[in-house]
Amino acid sequence: MSADTIEHRNEVLLVGRLSATPEQRVLPSGDEITSWRLVVARDQVAGGRPGQDTVDCTAWTARARKAAAAWEAGDVVEVEGALRRRFWKTPASLASRCEIEVSRVRRVAKAAPRQRKP
């Protein structure tokens, strides 16, 4: 196979816990988005400590935004989408960050109820 015949793919599937309730925003363009951070546990790492990755996710479609609006911090969700690198200008320089542009979402499990302190 040559490099010209190999199909490129950008597909991401993650399952993790919401670090906070998703936030809805309206961009200056008028587009609506919903954003959240997904905490994905890692297997044991060097030194025996478990690790985790925190991944920014953004939903642009009405269907994904509507589903995310019902979520709460601690819910376990599954997201499908593509990895995107966003760029923007700051007063000092150009900045960037990677995030998941979400195409499909679903809640896998609701957050465990909080225990009241006696």
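Is Val39 buried or exposed? Val39 is buried, with a relative accessible area of 9%, where buried means under 20%, exposed over 50% and partly exposed in between (1.4 Å probe, protein chains only). The model is predicted: local features need pLDDT of at least 70, side-chain atom pairs count only at pLDDT 80 or more, and totals for chains, interfaces and linings use all residues. Residues are numbered from 1 along each chain as its sequence is written, and side-chain values use heavy atoms, with hydrogens and water left out.

**Residues of strand 3**

- Val39 lies in strand 3; strands (E, at least two residues) and helices (H or I, at least four) are DSSP runs numbered from the N terminus.
- Not counting residues up to four places away in sequence, Val39 touches Gly16, Arg17, Ser19, Gln52, Asp53 and Thr54, contact meaning heavy atoms within 4.5 Å.
- The C-alpha atoms of Val39 and Val55 are separated by 6.5 Å, and these residues are 16 apart along the chain.
- Thr34 is also in strand 3, and its 1% relative accessibility is why Thr34 counts as buried.
- Beyond residues up to four places away in sequence, the contacts of Thr34 are Pro22, Glu23, Gln24, Cys57, Thr58, Ala59, Arg65 and Ala68.

**Nonpolar core and aromatic pair**

- The largest nonpolar core has 17 residues, and those with the most contacts inside it are Leu14, Trp36, Leu38, Val79 and Val102.
- Such a core is a set of buried Ala, Val, Leu, Ile, Met, Phe, Trp, Tyr and Cys residues joined through side-chain atoms within 4.5 Å.
- Strand 1 (12-18), strand 3, strand 4, helix 1, strand 5 and strand 6 each supply at least two residues of this core.
- The whole structure holds 1 aromatic pair: Trp36 and Trp71, edge-to-face, at 5.1 Å centre to centre with 80 degrees between the planes.
- Rings of Phe, Tyr and Trp (its six-membered ring) pair if their centres lie within 6.5 Å; planes under 30 degrees apart count as stacked, over 60 as edge-to-face and the rest as tilted.
- Trp36 lies in strand 3 and Trp71 in the loop between helix 1 (62-69) and strand 5, so the pair ties together parts that are 35 residues apart in sequence.
- Both Trp36 and Trp71 are buried.

- The largest pocket contains about 450 Å³ of space, and 19 residues line it, with Arg25, Ser35, Thr58, Arg97 and Glu99 the closest to its centre.
- A pocket is an open set of points on a 1 Å grid over the protein atoms alone, where a 1.4 Å probe fits, with protein on both sides within 12 Å along at least five of seven lines; lining residues have an atom within 4 Å of a point.
- Grid points are joined across faces, edges and corners, and a volume is the space filled by probe spheres set on the points.
- Strand 3 gives the largest share of this lining, 4 residues.
- The lining of the largest pocket has 8 nonpolar, 4 polar and 7 charged residues; Ala, Val, Leu, Ile, Met, Phe, Trp, Tyr, Cys and Pro count as nonpolar, Asp, Glu, Lys and Arg as charged, and the others, Gly among them, as polar.
- The second largest pocket has a volume of about 180 Å³, and its lining divides into 4 nonpolar, 1 polar and 5 charged residues.

**A partly exposed residue**

- Ser103 lies in strand 6 and counts as partly exposed at 46% relative accessibility.
- Leaving aside neighbours within four places in sequence, Ser103 is in contact with Thr61, Glu80 and Gly81.
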